[in-house]
There are 4 protein chains.
Amino acid sequence: MPHAMQQRKVLRTICPDAKGLIAKITNICYKHQLNIIQNNEFVDHRTGRFFMRTELEGIFNDETLLADLDGALPPGSERELNSAGRQRVVILVTKEAHCLGDLLMKSAFGGLDMEIAAVIGNHETLRNLVERFELPFVLISHENLSRPEHDQAMMAAIDKYAPDYVVLAKYMRVLTPEFVQHYPNQIINIHHSFLPAFIGARPYHQAYERGVKIIGATAHFVNDNLDEGPIIMQDVIHVDHSYTAEEMMRAGRDVEKNVLSRALYRVLAQRVFVYGNRTVIF
Amino acid sequence: MPHAMQQRKVLRTICPDAKGLIAKITNICYKHQLNIIQNNEFVDHRTGRFFMRTELEGIFNDETLLADLDGALPPGSERELNSAGRQRVVILVTKEAHCLGDLLMKSAFGGLDMEIAAVIGNHETLRNLVERFELPFVLISHENLSRPEHDQAMMAAIDKYAPDYVVLAKYMRVLTPEFVQHYPNQIINIHHSFLPAFIGARPYHQAYERGVKIIGATAHFVNDNLDEGPIIMQDVIHVDHSYTAEEMMRAGRDVEKNVLSRALYRVLAQRVFVYGNRTVIF
Amino acid sequence: MPHAMQQRKVLRTICPDAKGLIAKITNICYKHQLNIIQNNEFVDHRTGRFFMRTELEGIFNDETLLADLDGALPPGSERELNSAGRQRVVILVTKEAHCLGDLLMKSAFGGLDMEIAAVIGNHETLRNLVERFELPFVLISHENLSRPEHDQAMMAAIDKYAPDYVVLAKYMRVLTPEFVQHYPNQIINIHHSFLPAFIGARPYHQAYERGVKIIGATAHFVNDNLDEGPIIMQDVIHVDHSYTAEEMMRAGRDVEKNVLSRALYRVLAQRVFVYGNRTVIF
Amino acid sequence: MPHAMQQRKVLRTICPDAKGLIAKITNICYKHQLNIIQNNEFVDHRTGRFFMRTELEGIFNDETLLADLDGALPPGSERELNSAGRQRVVILVTKEAHCLGDLLMKSAFGGLDMEIAAVIGNHETLRNLVERFELPFVLISHENLSRPEHDQAMMAAIDKYAPDYVVLAKYMRVLTPEFVQHYPNQIINIHHSFLPAFIGARPYHQAYERGVKIIGATAHFVNDNLDEGPIIMQDVIHVDHSYTAEEMMRAGRDVEKNVLSRALYRVLAQRVFVYGNRTVIF
């Protein structure tokens, strides 16, 4: 059998907790002669759910492996087996360049294992930056369109690229439920505040008004609207009385792009599990 | 003239911004032959207010110094001149020991330049700890008292010690407006969340439910109710999916005590200015 | 069978990596009808070592469990099975109170699951503080003793209390190799710098001289001398030009005590594995 | 007098401390009818040096203003008066893109008030990235040149652009003393470790070997060699046992670029004073 058939895949399991689960799953992998490169598991004792991420190397027979697992796992289990490695991403933008720029740089020079299939904007502003990186930029203007019409046009444009994930890199539009439901646990947003503080518009101005001493950013999956959904990553920086709202905004941009990129790094590595309004991150 | 008359004082000025303010104030200090050990100023260009903290050393004639300043400063100015050094503090507690313990240790062994005049609790729980440090513990139980009656009894007990500041070290009672107004800009509270997120009861449980990846604490002056008022200091720690609400609480205790103690350090050094709902901290 | 025989224990395994290890170990636990409360493993692919911590609940037959494991694990494996829960600690001190105070508070009021068997000092300074917490303080003065003689006396005093761990809470003495070897992977020290920067005496003064913008602290196991050994935990705070060496020292004390306490928390929970000059922490 | 003559400038003073300095300097500004937008001062009581940064607005007569100051300041004073605003920068690179990319993005889209006059590299690797941003890239290969010859060629290339600052954005060459002395307090380097830990080559590998739990980056002026000189800014991130040296390197890149950019922000705003091996940063 040629060596080329050696592959690396990630098996992800969520199921009701029970005695012997790790033994059962790892036994099946062992019988399939798959080597476990890395294994992580977590039991949420409050809800009785078991989470396991198993990074495997070997020669895979997906069908029999999954069938064996289905025979062993308790009812109500979910499992998925995906190839490890490079994921496809479509990025949505409006006018701000900093998050997009960081993603373009990391995609081109290393740091994020993704292929940017396209950048789609509702303004022309960032076309030039995207095209400098020799990537397609698609304009879907929201002018003269109702919100549902615009979201339909966006979905059509996105789906052409069949992405694994849709990244909102400062895409400043409220999404329709139809849009959100079309990409379940696939939309990642960066919000420019330390959620749940300062939900809504102009969070830096809200933060300034409240006189906070720390500002932050939050990367999260989008389930319902822009400021809710399971949190993936958060970070903060200290500010003081000398910061105006504009200076908070400037300083905050670095936090935003760092948090988005760190969140995406883990999502792309299939390390993030969503359940309810929470994430488990290995 | 005996050397003993050399003193160190802090002059604090808040006034409408105007050309030449620093020159005027420092000229007056210079004429009084006072040495400026440290000087900080800040102009809030949005509201047009000027803040200056001047740490002075020399032989003071308070009356003429303040009269000279009043002659030079624009209308609507506030200035105060206080001795630098050890301040008097009364600490209010309920049942939790961690913030109190840190203040007791730092008062006894260095780290906070304050005299703890007394600790007053609405439960007996912490009497033993306080008495180990040879400090008075006063019980003012809230049982069988209305909230206003209890707060009156607290005020009476506090005022016996004539403190410069009242520190709420996990004092878990809602305060009456009368109590708060009795100690303007003198009450410092530690709130166990990163305000303004998770205002109200059980913030760690709220944080757990929301699935945040960072928890924090906020030290602030109390103006109205326990969770509002000008923020002095905030800090955070990272948590992950493996933290239960109880483990967040345990980990958060260290943040709470650190933030309270760092805020108090600056307040005691007369480095914190309050204006409106904000603080300027030098 | 009475319910009282239900116990919680921690199984820790270090062995050469091999296919099927997780399956083998968890199978054995499953056959013993032990429930896995929490499981963590890590493979160091560089050295080919496998680490696993398994928190188990059930009715234990230690002898057969360990025999089964020994039959299944590859040659060169180490495994240990300990009761989860409260560990016994002896604390060594010199004159500084801040780390000791934090440990006393957390032992008395919660936060560290340990029994402080005794505090042993080479100065009388901290006797009073220890006795306030109703714990034994033992003075082993180093005066008129050679270093080996003093360390022998220390060891004799420590061993009376048969501790699981010896915590150096700012114990400012260089230890003899005999002392260190007597407590392998059992001595935890807090060093007042961000190791490996500023090894040796007066690290805050070294940091001040170098003009650093960050200072830190390091908790580590002691293998050889005070400033080496596997690092458990590190943290830092930002400083600026206005900090003198003394102010760095004051600000650093909080970092020191936090880092020591966080390191100890994980050590006490049997979450820290040592191998070579490194730690694996689950 | 036309409004267009209103300017903003920064006056920076370093001199021996003396009574009345702030009064003298601000009086002179007041007499010149200059408005103080922001003023900061610091006295290093250990060395007796006084530092003041005064941001002024008004109609300037530089000659008489500086003459008045020279008449008032004590012997041994240094003062400089520069226009606030956009500075000219030349960036040196080798092969790594992350720091350069961040500077290009911030120069083009906001965040750093600088004009990148040119990027000069000793390899061709980054030409394409620079030219995408429509900026000149100059190759000065070190091949077939001695170190002094190469540095001479670099200096000639740099000096054509007459920059205010030379930024080493991962320029991996050791500089000759001639080069360094040619740009006193004008060369800013980013070092990929938390200095003074891990001086020298391959700091991430050193950090990995030592088993540290924190890695960092340091931006500093270059006085002597690449790893010394007054520190401007440092920051760190936490790592754990699961990080290989390569993963530390990847995670460290974000810290490097953030620290460099934050340091540069303050340097460009003329907020950084150098004295001896230290910086004062307002």
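**Stop 1: chains C and D**

Select chain C and chain D of this predicted model. Between them lie 16 residue pairs in polar contact, both residues at pLDDT 80 or more. A polar contact is a pair of N or O atoms within 3.5 Å; within protein, one must be able to donate a hydrogen and the other to accept it, and residues adjacent in sequence count only if both atoms are side-chain atoms.

Now colour chain C by element. β2 (35–44), α7 (203–210), β11 (231–238) and β13 (278–281) of chain C each give at least two residues to the side that touches chain D. Helices (H or I, at least four residues) and strands (E, at least two) are DSSP runs, numbered from the N terminus. Pick β11(C) next: its seven residues are the largest share of that side. By class, the side of chain C that touches chain D holds 16 nonpolar, eight polar and nine charged residues. Here Ala, Val, Leu, Ile, Met, Phe, Trp, Tyr, Cys and Pro are nonpolar, Asp, Glu, Lys and Arg charged, and the others, Gly among them, polar.

Zoom to Glu209(C) and Arg46(D). Their side chains meet in a salt bridge at 2.9 Å, N to O. The term means a side-chain nitrogen of Lys or Arg within 4 Å of a carboxyl oxygen of Asp or Glu. Chains C and D have two salt bridges between them.

Step back to the whole contact (heavy atoms within 4.5 Å). Chain C brings 33 residues and chain D brings 33 residues. Together the two chains bury about 2,900 Å², 54% of it on carbon and sulfur atoms. Buried area is the accessible area (1.4 Å probe) that two parts lose on being put together, summed over both.

**Stop 2: the domains of chain A**

Switch to chain A. Select 3–83 for domain 1 and 87–281 for domain 2; such bounds come from an automatic or database domain assignment. Their centres, taken over C-alpha atoms, are 31 Å apart. Domain 1 of chain A puts 16 residues into the contact, and domain 2 of chain A puts in nine.

About 1,000 Å² is buried between these domains. Show Arg12(A), Phe51(A) and Arg53(A): they supply 51% of the area that domain 1 buries against domain 2, more than any other three residues.

**Reading the numbers**

Residues are numbered from 1 along each chain as its sequence is written, and chains are lettered from A in the order in which they are written. Side-chain values use heavy atoms, without hydrogens and water, and local features need pLDDT of at least 70.
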